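I opened this entry to look up how two chains meet in a model. My notes follow in the order in which I made them.

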Amino acid sequence: MTNLVFDASIAKACGKSTAMYPTPMQCRNFLIELQKSHYDVVMTEDVQSEWKEYSSDFTKQWQCAMARKGRLKTIPNPEADLEIRNSIEPMAKTDQERVAINKDILLLEAALANDKRIVSLDENAIYKYYVANKSSVNKFHQLIWINPINITENSTEWLQNIMSPDSKLVKIAEKIIEDWGGKPQSRICMAILDYLLKINTADSSHITYSFLQESIKQSEKAATEDQDLWLAIQYLCGERVHLLEAKFELIDEGTSFPISNSVLKNARKTGKLTHPKSSKIISDFEDKVFIYFQPSSLVQSMSV
Amino acid sequence: MNEDPKDSLRNLQKLENLIPGLARFPSRILADTYDEFIHVLYEDIDTIIYQLQENPELLQNDTEDRLTISIINNLRCMGYNSSHESKIGGHVDLAVTKGNFKWLGEAKIHHDYEYLWQGFQQLTTRYSTGDDNQSDGGLLIYIKVKDAKQVIEKWQEHLTSKNLPGYSIRQCEAKSTYFFSIHTHQRSGRDFKVRHMPVILHFSPQDKSAQKSRKMK
């Protein structure tokens, strides 16, 4: 069984079983589907008491059902993780923020000690610090933050396919971390993976280097070195994880012509490319042939 | 449509020269025959071996496995699907696959020539099928003693003395200390080509400061 570490924001968001707004409905659906899945729920002692404070008829029933099956575990508050605390605590600008961080940081510490999966809404005070430090704190690369209201597809399918420890996504993330460790390529590859899973792969058959650069800039709020990004792209195009399919196109007088690998291989051998339409010989083809990327079939199979 | 000069082949070629880890990126993508896969792989392995040889002082206590894992990790970062001890008829030291294409390597720290022969036999009679999709393999010879050239010459003589069926050798054009052996693969009955690759790791500096630091120890 895999443990999901919960915080109290979920109980608060569920509301009564009659609440028909999207957020309560999505949270309740998530809990119902979770009950049918193979995941256990873990709460720290503090979260457990907070959960009681916000509980409704629905969450009380759900909690009892999970507890009866032995799938709700209460754990003592985890030991302080100094690497995390030293990176996040100095970011507090006011005493109020410091108090909120000290309370919610337990969630990250508990998740790191328990299968590394958090279920919480993004409004949790610690979320913005987690996002801001994602690239600099190595341990954060391993965390998966699950916000039930961001799951747009069927929760059952999502829980089975995406979150399972045997899922393709989890295996790919593990390979990336194993191969790159603390190097910038770990976070770059994870950011590209996030981006590929968010976009509609059917409509994204032409992803350029600049698109990828921009998507990382948006998710990390920081620029990425060209060298680091190219090495990450090369890795993602390779057999090891194969998330990107590299393609080539000839752009001549404002028109794009796809170039097959065999044609390009021949051009590189002979130093000349035959124009696919006019049959004209292009000798400086290296300036006119461009690389672009498509999500691989593996990405398409993961985008449920 | 994309006309950003950053994405042009010309720029990629420039970057390949500037970023060592990016060398041969387009060639790796375009390699879709077995021979092309092997050709690029060997160029990539050579680059990794050059890098390993740069710091022999740090590798003196490394085991065969540790040294091979370092090569595997470098190959993986280039995008290769490479692994250690994949279960292919046993525990091969280094397996690299691309689709159906497979290249297997055995790695040995040179102690004596019979030990290298054991590695050669594991590679050719235990792990490889010798079929079209894996007609090439490699023997990585980590040499921590001096005079790698002499070690390889003696290894070549030792291998020749085994009278393998259909056996021949030829020098490697890319690296003067390497050679290829070709013999009839026991299982497939086809030619099997092994690239013998010495990794020069001897380290015994003879300058004054090195002698002084040895005395202090």
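I noted that the model is predicted. I began with polar contacts between chain B and chain A and counted 15 residue pairs, both residues of each pair being at pLDDT 80 or more.

I then asked which elements of chain B give two or more residues to its side that touches chain A. They are the helices α1 (9-18), α2 (25-30) and α4 (64-77), together with the strands β1 (81-83) and β2 (94-98). With six residues, α2(B) gives the most to this side. I sorted the residues of that side by kind and found 15 nonpolar, ten polar and ten charged.

Next I looked up the salt bridges, of which there are seven between chain B and chain A. One of them pairs Lys6(B) with Asp226(A), whose closest N and O atoms are 3.6 Å apart.

For the extent of the contact, I recorded 37 residues from chain A and 35 residues from chain B. The area buried between the two chains is about 3,300 Å², and carbon and sulfur atoms give 59% of that area.

The largest has 53 residues, and Trp230(A), Ile233(A) and Phe293(A) touch the most other members. Leaving out residues up to four places away in sequence, I listed the neighbours that Trp230(A) touches: in chain A, Tyr209(A), Ile291(A) and Phe293(A); in chain B, Lys6(B), Asp7(B), Leu12(B), Leu15(B), Leu22(B) and Phe25(B). A separate core of 31 residues includes Ala31(B), Leu67(B), Tyr142(B) and Leu201(B).

Conventions. Residues are numbered from 1 along each chain as its sequence is written. Chains are lettered from A and ligands numbered from 1 in the order in which they are written. This is a predicted model: local features need pLDDT of at least 70, side-chain atom pairs count only at pLDDT 80 or more; totals for chains, interfaces and linings use all residues. Side-chain values use heavy atoms; hydrogens and water are left out. Contact means heavy atoms within 4.5 Å. Buried area is the accessible area (1.4 Å probe) that two parts lose on being put together, summed over both. A salt bridge is a side-chain nitrogen of Lys or Arg within 4 Å of a carboxyl oxygen of Asp or Glu. A polar contact is a pair of N or O atoms within 3.5 Å; within protein, one must be able to donate a hydrogen and the other to accept it, and residues adjacent in sequence count only if both atoms are side-chain atoms. Helices (H or I, at least four residues) and strands (E, at least two) are DSSP runs, numbered from the N terminus. Ala, Val, Leu, Ile, Met, Phe, Trp, Tyr, Cys and Pro count as nonpolar, Asp, Glu, Lys and Arg as charged, and the others, Gly among them, as polar. A nonpolar core is a set of buried Ala, Val, Leu, Ile, Met, Phe, Trp, Tyr and Cys residues joined through side-chain atoms within 4.5 Å. Buried means under 20% relative accessible area, exposed over 50%, partly exposed in between (1.4 Å probe, protein chains only).
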